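Biologist: Can you put this one up and go through it with me? I will jump between topics.

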Amino acid sequence: MTVTRSKPTLMCTLDGPLKPMVQARLGELAHVRFLDDVPAVDRREALAQAQVLLCLRPQLEMGDDWPPAPQWQFVQFMSAGVDHIDLSKFPSACLMASNAGGFSEPMAEHILAMALALSKKLLYNHHRMQQGVFDQLGDTGTLRGKTAAILGFGGIGRATAELLRHFDMRIQAINSTGRSDYPADFTGTLDDLESVMRAADLLVVCLPLTPRTDGLIGARELALLKPDACLINVARGEIIDQKALYEFLVAHPTASAGIDAWWVEPFRHGEFRMDHPFLDLPNVLGSPHNSPRAPGGGQISAARACDNIARYLRGERLHGLIDPAKTNMA
């Protein structure tokens, strides 16, 4: 007698152009349903009965339909950072994974673009030319042969290192284990933060925001940097003390900062706000936390999230697993 096992149900709370891709990549492994296709009166029950959940902003996407006792066994988030999600609302027994590395390539390009623009003083000289200053003999800078310290050596950090290697940069990396398959010149943990920051000509912050990294870099840590160091943050604003960074940049005009991740942003806080006028400083280059955005990038990141769900459904090793006790910030 042949026993046919029914496929698990996957509920996707995303809508729009990603739906065909999710169906195509996972339809053979799971019964794929989309929340916006379910009649409103049936959504809570449909969510409760799903074994797998794919979501981006679950509290907003499910709202009042959040089931009291869901059967979720695996939850895949579309975002790499999950600090905006209240992980305590999920079943304690279910596995959860972030989309770690889902946006690696566009973010690495953004980091490189910021590093080059700041090193070459492009924005600074652009503004001086607007004021009539044509400083043809003034030096700019270079990345070549210098040291990049990358805090957070997952997909984004490794993709960034790959680009920086083309400039013969030395790579010092920080991750959670102090080990990496990528051939960095040094790989350590946050216990090595002081020595890595002292060595940095370019400091790249792409760590997740967790209770341990919240406020990680303050006045003491910034004082370790070289006076002409460049700091780029594409992670979360809260990892760096806002007041301390502003005062460091004012006190060290030869230093610079590329800020893509801000302390108060519309996606997480409903507004954009700074407590200090960073954008008035000539040694700051800002962007509206759009480093992951690139043509086709949403499809690529969604495909990577689907691939991780496929690994779960096949019983394979998962990427980006979350430990709520070490992660939850919401």
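**Residues, cores and a pocket**

Biologist: What is the relative accessible area of H289?

Modeller: The relative accessible area of H289 is 21%, so H289 is partly exposed. Bear in mind that this is a predicted model.

Biologist: Which loop is H289 in?

Modeller: H289 sits in the loop between β12 and α11, with α11 covering residues 297-314. The phi angle of H289 is near 45 degrees, a positive value in a residue other than glycine.

Biologist: What about K121, what is its phi?

Modeller: Phi of K121 is near 55 degrees, again a positive value in a residue that is not glycine. K121 belongs to the loop between α4 and α5. With 35% relative accessibility, K121 counts as partly exposed.

Biologist: Which residues lie nearest the centre of the second largest pocket?

Modeller: K121 is one of them, along with L118, S119, T254 and S256. The lining of the second largest pocket has 26 residues, and the space in this pocket is about 530 Å³.

Biologist: Which elements supply at least two residues of that lining?

Modeller: These are α4, α5 (122-130) and β12 (284-286). Helix α4 gives the most to the lining, with four residues.

Biologist: And how does the lining of the second largest pocket split by class?

Modeller: There are 15 nonpolar, seven polar and four charged residues in it.

Biologist: Staying with α4, where is A115?

Modeller: A115 is in helix α4, which runs over residues 104-119.

Biologist: Why does A115 count as buried?

Modeller: Because its relative accessible area is 1%, and buried means under 20%.

Biologist: Which residues does A115 touch, sequence neighbours aside?

Modeller: Not counting residues up to four places away in sequence, A115 touches L143, L202 and I232. The C-alpha atoms of A115 and L231 are separated by 8.4 Å, although these two residues are 116 apart along the chain.

Biologist: Change of topic. How many residues are in the largest nonpolar core?

Modeller: The largest nonpolar core has 35 residues. Those with the most contacts inside this core are L151, L203, I217, L225, L245 and F278.

Biologist: Which elements give two or more residues to the core?

Modeller: They are β6 (147-151), α7 (193-199), β9 (202-205), α9 (242-251) and β11 (256-259). Of these, α9 gives the most, with five residues.

Biologist: Which residues of α9 are buried?

Modeller: Q242, A244, L245, Y246, F248 and L249 are the buried residues of α9. They pack against α8 (219-222), β10 (230-233), β11 and β12.

Biologist: What caps the N-terminal end of α9?

Modeller: D241 does, with a side-chain oxygen 3.3 Å from the backbone nitrogen of K243.

Biologist: Now the loops. Is D201 buried or exposed?

Modeller: D201 counts as buried, at 16% relative accessibility. D201 is in the loop between α7 and β9.

Biologist: What is D201 in contact with?

Modeller: Beyond its neighbours within four places in sequence, D201 is in contact with K146, T147, K226, A229 and C230.

Biologist: What does the side chain of Q51 have 2.7 Å from one of its polar atoms?

Modeller: The backbone nitrogen of T9. T9 is also among the contacts of Q51, with P8, Q71, W72, Q73 and F74, when neighbours within four places in sequence are left aside.

Biologist: Last one, H166. Buried or exposed?

Modeller: H166 counts as exposed, because its relative accessibility is 58% and the cut-off for exposed is over 50%. H166 is in the loop between α6 (155-164) and β7 (170-174). Its C-alpha atom is separated by 9.9 Å from that of G145, 21 residues apart along the chain.

Key:
Residues are numbered from 1 along each chain as its sequence is written. This is a predicted model: local features need pLDDT of at least 70, side-chain atom pairs count only at pLDDT 80 or more; totals for chains, interfaces and linings use all residues. Side-chain values use heavy atoms; hydrogens and water are left out. A nonpolar core is a set of buried Ala, Val, Leu, Ile, Met, Phe, Trp, Tyr and Cys residues joined through side-chain atoms within 4.5 Å. Buried means under 20% relative accessible area, exposed over 50%, partly exposed in between (1.4 Å probe, protein chains only). Contact means heavy atoms within 4.5 Å. On a 1 Å grid over the protein atoms alone, a cavity is a set of points where a 1.4 Å probe fits but cannot get out, and a pocket is an open set with protein on both sides within 12 Å along at least five of seven lines; lining residues have an atom within 4 Å of a point. Grid points are joined across faces, edges and corners, and a volume is the space filled by probe spheres set on the points. Ala, Val, Leu, Ile, Met, Phe, Trp, Tyr, Cys and Pro count as nonpolar, Asp, Glu, Lys and Arg as charged, and the others, Gly among them, as polar. A polar contact is a pair of N or O atoms within 3.5 Å; within protein, one must be able to donate a hydrogen and the other to accept it, and residues adjacent in sequence count only if both atoms are side-chain atoms.
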